[in-house]
Every structure is written in C-alpha cells, then in structure tokens.
Amino acid sequence: MSSFDVVVIGSGPGGYVAAIRCAQLGMKTAIVEKYSTLGGTCLNVGCIPSKALLASSHHYEELQHFADHGIEVPGDVKVNLAKMIERKQAVVDQTSGGVKYLMDKNKIEVFEGIGSFENATTINITKNDGSVEKIEAKNTIIATGSKPSTLPFITIDKDRIITSTEALKLKEVPKHLIIIGGGVIGLELGQVYLRLGSQVSVVEFADRILPTMDAAVSKELTKVLKKQGMKFYTSHKVQGVNRNGDTVVVKAESAKGEIITLEGDYSLVCVGRRPYTEGLNAEKAGVKLTDRGQIEVNDHLQTTASNIYAIGDVVRGAMLAHKAEEEGVLVAEQLAGQKPHIDYNLIPGVVYTWPEVAAVGKTEEQLKQEGREYKAGQFPFKALGRARASADTDGFVKILADKKTDEILGFHIVGARAADLIAEAVVAMEYRASAEDISRMSHAHPTFAEAMKEAALAATDNRALHV
C-alpha cells in the first residue's frame, strides 16, 4: 500500500492548488479524482467553459455593431453553435491538460477513481472496472466540491429541463429559455443565449437579481439586461415546472399572489449548488457533516478528524474557485508549520456578464444593518473618455468608506473590465487604504481604471473631477 504525507480528494481549483503547494513544501502528495479529466467543476463544466461561450457570443454580438465603427461585414453573420461548443471543449481540454502537466511537474501522483475513507488514514480508490486500491494518508484534504441544486418538485431530465452542465452543450439555440434563479450562473448563461437569439426570461424568488450583492449593482445590471432584451420576474415563487413534448411550462406566483405561466422550449434551473460528499464515507473517518450537508471545519479548516481538512465548496462560505484556491494554500502551509491567513471579507465576487459585475467588502445594505457610519462615492462609466471610445458606457464604480477614518469598506463595480478592476480594490483594502489614498494615486489616461480614482474622489468631499 502506497503511503503519502498528503492525499487530496478532488482535483478542482481548490484540490489541485492544494496539492501543488503541498508538493512545493516538500510533502509526498497524491490526488484522487473520479473523472478521467482533472480540474473539477470549474475547469470542465463551470468557470472555464462558460467564459468560453460568453467570449464567443460576445464576439457575435459585437459583429452586429461593426458598422458603427466603419467596418462593413459582407454577407449575413450566422451562428454555428456546434462550432462554438467545439471551441469551448477545446479550451476545456487544453486547460485540463495544463493541470495534468502541473501534477507531473510537481511529482504529484494521480489516482483515477472514487476516493472514500476506510478510516482516518486509509483511503479506498474504487476504479471504473470495480477494482479497489488502498492508499495510506498521513493527512487528507477533502476538496470534493459541489453539484447543482434543484427544487423538490422539479425533475431535471437533462434534455429540456436542464442544469448549467447541460446548458454548456446544447445542440440548438433555444427559442425561449426560461431561467429559474437570477444569480450569477443563470445570468451568465442567459446572456450567452440571449446574444445568440433566444428569448430569455428569468424567474427569481427574491425581489431583485443578484440578491446578495449591493442593491445599486443589482438595479443597474437589471436596467442594462432589460435594454438588451432579457425579461425578469422578480419576487416570484416557482410553483411547478412541467414538460409537454418539446414545451416546458413554468408556473410561478408573484408576491401579490398572482399566478403567471411561461412557456418555452428549455428551462435552466439555477437555484444554487450543494456540497458534494456522496461516496466519501466521511463518517468512517470521524468527519462530521453539518445540517446543510457541508463538512464541519474549524477556523483552520480542520474537520472533526484532526488529520483531515476540507476546503472549497464542500465547506462553509462562498462557492468560488479562488476562495477554494486560497483555502488549499492555507491548509498546505499550515501542514508545513507556517501561519497563513485568509480574510474572507476580501475575497471578490464577479459576474461575467457584459457589462461585468465585481465587488469586494461590505455592501451598503450590510453597513446599514451593522449601524456603521459610512460615506459613498460613485462615478459613471459614461463620463470616461475610454468608455465612450470603446462604446462601453454602461455602469459605474461605487466606493464605500468609513465616515470617520475614510478606510475603504467596499467596492462595487458594474461595467467593462470590472473583473480586472476589482483587483485594485482588493489590494487597497488588504492594506487598509483610505478613499483619499486611491484618489491621490495616478491612474493612466484614458483607461477604465480612472473610474476607480474618480469614485474615490467622489467619496472624498465630493471631489470627482469629470462629473
């Protein structure tokens, strides 16, 4: 039986990064993955493929406006969905292959099969042919991720009533795509098919889309997506989803008790994700699960078994790839005797629609709930020369700062390149910068990043220069 200092179960962003860091720190490391490709949900059926389709559909949408730039495209521009899906898969394959290369480079042994505990130090790997291999682990990191959730009365048939996994490989552009859930995944995939010609309707139980983000961000993105043609039914509780041949019927009740009926050819169920622990046999290792199905961990991500840790979607906190990566590094460095730290308040969230949405820190609603005195500064992208030159004038940058100390408490962005701009906010907040600090730093002109400085100026005695 092979023995390892660390065995990681799951090869998603959290798992493979944890394995790499363990190997870098001199530990003999193995990774167990039940699928034939590495990278987990993110690389195979999540972050990477969805961004590939977003990019392809964005190019198609931009072609519709080339004439505005003095570029005449001869003939009709058509969508070849099969080719688009093929390109998406090529991106996935290349990225997954890159993870395999990193495993080889760092001398990490990869086992294909379902990893389950026999006890706290013995892991059984059940392979596709039914055979079982045992390995010994001094320490184990559980990184088994999550799966799409559904509602009890919805039957996912993976044909017309689908999850995000199936939405990434459709064989036709839906005529009417009904999305249940106005969160990140639903909006991103909804925009893909909206651009390609689908009618898209979003049914959301909360009173607004992106309900966990700042209300101003939600309001702005709703306005922009409505302008693009997306329809929203917020404050609506889904009552039933039924299929009749190639037609899917969704019934929902409004906050006023009114019943609406939507008919489409596909319904995408995006009501969140659930921790995935099936087949792990956690109880045999003394690992306790919470009532929500998450693995219970302490502040060091240590489970109720002292030599077993858990990271990523399978534990508490935001289900984000980069959060899982940070946790993987934290556990690895702890095992090496170091004292790493994660500030969960400074892990940014991003929505990759166009315009993009990005945020870090506290929302205005959270600050009000906490009773903390704050000031806000906001700057619209339409006031930026670069935004006008690029025809990307939707959105704004909003900064929240402590009213007395001026320390930055939150950044909220809707607009072009928001996913990249948020990194400046994270760095500033990591070093506890003030709004005035940002306002006094030189930002190149013309850039989208100037909106960061202008928002900071707006929060500093209302000193924005270009509005």
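Which helix is the place of Gln191?

## A glutamine on the inside

Gln191 sits in helix 6, the stretch covering residues 184-195. Keep in mind as you look around that this model is predicted. Is Gln191 buried or exposed? With a relative accessibility of 0%, Gln191 counts as buried, because anything under 20% falls in that class.

So who are its neighbours? Setting aside residues within four places in sequence, Gln191 is in contact with Leu54, Leu225, Gln228, Met230, Thr353 and Trp354.

## Charged pairs across the structure

Now for the charged side chains. Side chains of opposite charge can pair when their charged atoms come close. A search of the whole structure turns up 25 salt bridges. Let's visit a few.

Start with Asp246 and Arg160, whose side chains meet in a salt bridge at 3.5 Å, N to O. These two link distant parts of the chain, 86 residues apart. Asp246 belongs to the loop between strand 12 (236-244) and strand 13 (247-254), while Arg160 belongs to the loop between strand 7 (146-148) and strand 8 (161-162). Asp246 is partly exposed, at 49% relative accessible area, whereas Arg160 is buried, at 11%.

Asp157, Asp159, Arg160, Glu172, Arg243 and Asp246 are linked in a network of salt bridges.

Next up is helix 7, residues 215-228, where you'll find both Glu220 and Lys223. They are 3 residues apart, or about one turn of the helix, and their side chains meet in a salt bridge (3.4 Å, N to O).

How do the two partners sit: buried or exposed? Glu220 is buried, with a relative accessible area of 13%. Lys223 counts as exposed at 52% relative accessibility, because the cut-off for that label is over 50%.

## A pair joining a loop and a strand

Which residue forms a salt bridge with Arg372? The partner is Asp402, and the closest N and O atoms are 3.2 Å apart. Arg372 lies in the loop between helix 9 (364-370) and strand 20 (374-380), and Asp402 lies in strand 21 (residues 396-402), so the pair ties together parts that are 30 residues apart in sequence.

Arg372 counts as partly exposed, at 34%, while Asp402 is buried, with a relative accessible area of 10%.

Note on methods. Residues are numbered from 1 along each chain as its sequence is written. This is a predicted model: local features need pLDDT of at least 70, side-chain atom pairs count only at pLDDT 80 or more; totals for chains, interfaces and linings use all residues. Side-chain values use heavy atoms; hydrogens and water are left out. A salt bridge is a side-chain nitrogen of Lys or Arg within 4 Å of a carboxyl oxygen of Asp or Glu. Helices (H or I, at least four residues) and strands (E, at least two) are DSSP runs, numbered from the N terminus. Buried means under 20% relative accessible area, exposed over 50%, partly exposed in between (1.4 Å probe, protein chains only). Contact means heavy atoms within 4.5 Å.
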